[in-house]
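This report walks through one protein model, from its overall make-up to selected side-chain pairs. Please keep the structure open while reading.

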Amino acid sequence: MEHPENDSKYIGLQVNGGVAQPPSVNPYLQHRRRRMATPGELVEGILKGDITMLSRAVTLVESLVPEHQTMAQEVIEKCLPYSGNSRRIGITGVPGAGKSTSIDVFGLHVLKQGGKLAVLAIDPSSERTKGSILGDKTRMEKLSVHPDTFIRPSPSAGSLGGVARKTRETIVLCEAAGFNNVFVETVGVGQSETAVHSMVDFFLLIQLAGTGDELQGIKRGIMEMADGIVINKADGDNVSRAQLAQAQFKSALQLFPPTASGWKPEVLTYSGYYELGIPEVWSMIDRYFDYVTGNGYFNRRRQEQSRYWMYETINEKLRDRFYRNTEIEKVLPTLEREVLSDRLSSFIAAREALDLYFDNIKPTHG
């Protein structure tokens, strides 16, 4: 392209054409695109324990593209008969309680007993940018390089309580791939604990001592869900404070009604950083599984969870279908302006949108 600066009227000014771009080191690189695996290939790879195929399948599960969702559901359906043979353990606690560090040492202890471990870490998403750091692997230094471990950080993407929408389906894929231990780490804030509690067998609550506000951690809702409570950072000068917090939590648990399983939650102290008390924590979890397997509660809870997620999926699909409806997409901005200008109440606007949607639903036959 000729530069206008080289015109004769610009005396003394000349712009060179520049240096030609060198050829690519690999001239075929730009033409190479990875072929998307078929659902059959993904299932075959997952059942063989292929981590690459498992990762690709999880990516499809998390995708919002309709075509990807269709493929993901086919993969999940074919993997379902091979799932269910794992211990699903939810791990929660306030930010800074040491969840990721604890998972690192808990995981290594589990792997010493044989088997494989999948860690599904839910990473908080920014409400403003919807972005996530996904940095849990950096805090699981030993597990992240272990050959029998699969760590998958997933953004919460603004879903209820920060829980990744497709975590339960990912659990099915991991179990089909041969992972007999599954850890689900929650964000530790909001309603995430409720959702994780509905997809795991054992719910572990990590607490801290010596923060000056031990009683603040005794919340009825979260403690009623916990099958076990552990006080982290029970080391050095903090041992006595951890033991005091342990006594306070034990006293608080006595005020709660009996659990549905009949199991009495235990309170233990440990140190994730110094790896103290880890066998004792896992021994508690082993006792829990022996107890609920023996009285039949384990299978009953799994059935209740399946029913819960059936209705959750129905709710999700209805919501998605509503917002993707072309008529609704047209009318919502108008209704929103009416509400913001106080010409229409929120409830009437919602009713009008729903009435329009139901009036336009195509009737099914057969």
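## Contacts around H197

Contact here means heavy atoms within 4.5 Å. By that rule, and leaving out residues up to four places away in sequence, H197 touches F203, M225, R301 and Q305. The model is predicted.

H197 sits in helix α6, which covers residues 192-197. Is H197 buried, exposed or partly exposed? H197 is partly exposed, because its relative accessibility is 22% and buried requires under 20%. H197 and I91 are 106 residues apart along the chain, with 9.3 Å between their C-alpha atoms.

## Overall make-up

The protein has 366 residues, and 41% of them count as buried. Its secondary structure comprises twelve helices and seven strands. Among contacts with a separation of 6 or more, 74% join residues 24 or more positions apart.

M310, Y311, I314 and L318 make a nonpolar surface patch of about 400 Å². Y311 belongs to helix α10, residues 297-324. Its relative accessible area is 48%, so Y311 is partly exposed.

## Nonpolar cores

The largest nonpolar core holds 48 residues. Which of them touch the most other members? They are I46, L54, V75, L173, M223, I229 and I231. Helix α2 (residues 51-62) gives this core its largest share, six residues. A second, separate core has 32 residues, including I103, F202, W263 and W282.

Beyond its neighbours within four places in sequence, V75 contacts P39, L42, V43, I46, A57 and L173.

## Helix α5

Helix α5 is mostly covered: ten of its ten residues are buried. Among them are R168, E169, L173 and E175. T167 also lies in this helix. T167 is buried, because its relative accessible area is 4%. Leaving out residues up to four places away in sequence, T167 touches L120, I122, V184 and M199.

Just after α5 comes G178, with a positive phi of about 100 degrees.

## Aromatic pairs

The count of aromatic pairs is 13. F106 and Y270 form one of them, with ring centres 5.5 Å apart. Why is this pair tilted? The planes meet at 35 degrees, so the angle falls between the 30 degrees limit for stacked and the 60 degrees limit for edge-to-face. F106 is in helix α4 (residues 99-112), while Y270 is in the loop between β7 (266-269) and α9 (278-294). The two are 164 residues apart. F106 is buried at 1% relative accessible area, and Y270 is buried at 1%.

The rings of F150 and F179 also make a tilted pair, with centres 6.1 Å apart and planes at 45 degrees. F150 is in strand β3 (residues 149-155), and F179 is in the loop between α5 (167-176) and β4 (181-185). They are 29 residues apart, and both are buried. One aromatic cluster is formed by F202, W263, Y288, F289, Y291 and F298.

## Salt bridges

The structure holds 15 salt bridges. One of them joins R87 and D286, at 2.6 Å from N to O. R87 is in strand β1 (residues 87-93) and D286 in helix α9, so the pair ties together parts 199 residues apart in sequence. R87 is partly exposed at 23% relative accessible area. D286 is partly exposed at 23% as well.

K166 and E316 form another bridge, with their closest N and O atoms 3.3 Å apart. K166 is in the loop between β3 and α5, and E316 is in helix α10, so this pair ties together parts 150 residues apart in sequence. K166 is buried, with a relative accessible area of 7%. E316 is partly exposed, with 22%. K166, E169 and E316 are linked in a salt-bridge network.

R301, a contact of H197, bridges to D227, with the closest N and O atoms 3.6 Å apart. D227 is in the loop between α7 (220-225) and β6 (228-232) and R301 in helix α10, so the bridge ties together parts 74 residues apart in sequence. D227 and R301 are both buried.

How values were computed. Residues numbered from 1 in each chain as written. Predicted model: local features only at pLDDT ≥ 70, side-chain atom pairs only at ≥ 80, totals over all residues. Heavy atoms only, no water. Helix = DSSP H or I, 4+ residues; strand = E, 2+ residues; numbered from the N terminus. Buried < 20%, exposed > 50% of the residue type's maximum accessible area, 1.4 Å probe, protein only. Patch = residues over 30% accessible without salt bridge, like charges linked within 9 Å, V, L, I, M, F, W, Y side chains within 5 Å. Areas by Shrake-Rupley, 256 points an atom, 1.4 Å probe, with all protein chains shown as cover. Salt bridge = Lys/Arg side-chain N within 4 Å of Asp/Glu carboxyl O. Core = buried A, V, L, I, M, F, W, Y, C linked by side-chain atoms within 4.5 Å. Phe/Tyr/Trp six-rings, centres within 6.5 Å; stacked < 30°, edge-to-face > 60°.
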